[in-house]
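User: I'd like to learn how to read a model like this one. Could you walk me through it?

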Amino acid sequence: MASLNVGSLGEYIREQRRTAQYSLRQLAEAAGVSNPYLSQIERGLRKPSAEILQQIARALRISAETLYVQAGILEERQGDGLELRAAILADPLINEQQKQALLAVYDTFLKENTPPRGPAPKRAAPKQDQAAEGQHAPRAEQPAATAGSDRET
């Protein structure tokens, strides 16, 4: 597990709090932590637990995973859109329903573009059967040859 990066975590929480236009007291109340404790987290004097980070994330309407990455508890995954999600959730110009709709559309696009996990598709088996029966798959050069002959006409 990575070590906790408390200073930058506190700075990040403070930045998110200000973006959400919360006072320290308002965020502390919304997150269910004491005002002095949240102040110490923001100043890098305290190491919050994963549970406290989750409460703060919920109050800020950002993913807990985002705070875990900032804290060094989790490694940042490439291409998972954490920054985009945080930006959408922190945007004061759109309402909560619009934020959720944007995130749902984004998640749908990610699912469509992500290759399925698990065992590889068994497409090689039919080709082996065809080869065993003396049948050959069409050659890849055929479309290129056809395209070349079209140019000459």
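**Reading burial, packing and the core**

Analyst: Buried means under 20% relative accessible area, exposed means over 50%, and partly exposed is in between, using a 1.4 Å probe and protein chains only. Before going on, some ground rules: this is a predicted model, where local features need pLDDT of at least 70, side-chain atom pairs count only at pLDDT 80 or more, and totals for chains, interfaces and linings use all residues. Residues are numbered from 1 along each chain as its sequence is written, and side-chain values use heavy atoms, with hydrogens and water left out.

User: Where does Gly10 lie, and what is Gly10 in contact with, leaving aside its neighbours within four places in sequence?

Analyst: Gly10 is part of helix α1. Helices here are DSSP runs of H or I with at least four residues, strands are runs of E with at least two, and both are numbered from the N terminus. Setting aside neighbours within four places in sequence, Gly10 contacts Ile41 and Glu42, where contact means heavy atoms within 4.5 Å. Gly10 and Ser39 are 29 residues apart in sequence, yet 8.7 Å apart in space, C-alpha to C-alpha.

User: How many helices and strands does the chain have?

Analyst: There are nine helices and zero strands. Of the 153 residues in the chain, 27% are buried. Taking contacts between residues at least 6 apart in sequence, 51% join residues at least 24 apart.

User: How are two packed helices described?

Analyst: You give the angle between their axes and the distance between the axes. Take helix α2 (residues 24-31) and helix α4 (residues 50-60): they pack at about 115°, with axes 8 Å apart. That makes α2 roughly perpendicular to α4, a label for angles of 65 to 115 degrees, while under 35 is roughly parallel, over 145 roughly antiparallel and the rest oblique. The axes are lines fitted to C-alpha atoms, for helices over the stretch in contact, and angles run from 0 to 180 degrees between N-to-C directions.

User: Which residues in α2 and α4 meet?

Analyst: From α2 come Leu27, Ala30 and Ala31, and they meet Gln55, Ile56, Ala59 and Leu60 of α4. The residues of this contact divide into six nonpolar, one polar and no charged. Here Ala, Val, Leu, Ile, Met, Phe, Trp, Tyr, Cys and Pro count as nonpolar, Asp, Glu, Lys and Arg as charged, and the others, Gly among them, as polar. Look at Gln55 too: at 18% relative accessibility, Gln55 counts as buried. Not counting residues up to four places away in sequence, Gln55 touches Ala31, Gly32 and Val33.

User: What about the nonpolar core?

Analyst: In soluble globular proteins, nonpolar side chains tend to be buried together. The largest nonpolar core in this model has 21 residues, and those with the most contacts inside it are Ile13, Leu38, Leu53, Ile56 and Leu67. A nonpolar core is a set of buried Ala, Val, Leu, Ile, Met, Phe, Trp, Tyr and Cys residues joined through side-chain atoms within 4.5 Å. The largest share of this core, six residues, comes from α4. As for Leu38, leaving aside neighbours within four places in sequence, its contacts are Ile13, Leu24, Leu27, Ala28, Val33 and Ile56.

User: Is Gln21 buried or exposed?

Analyst: Gln21 counts as exposed, at 63% relative accessibility. You'll find Gln21 in the loop between α1 and α2, and its phi is near 60°, a positive value in a residue other than glycine.
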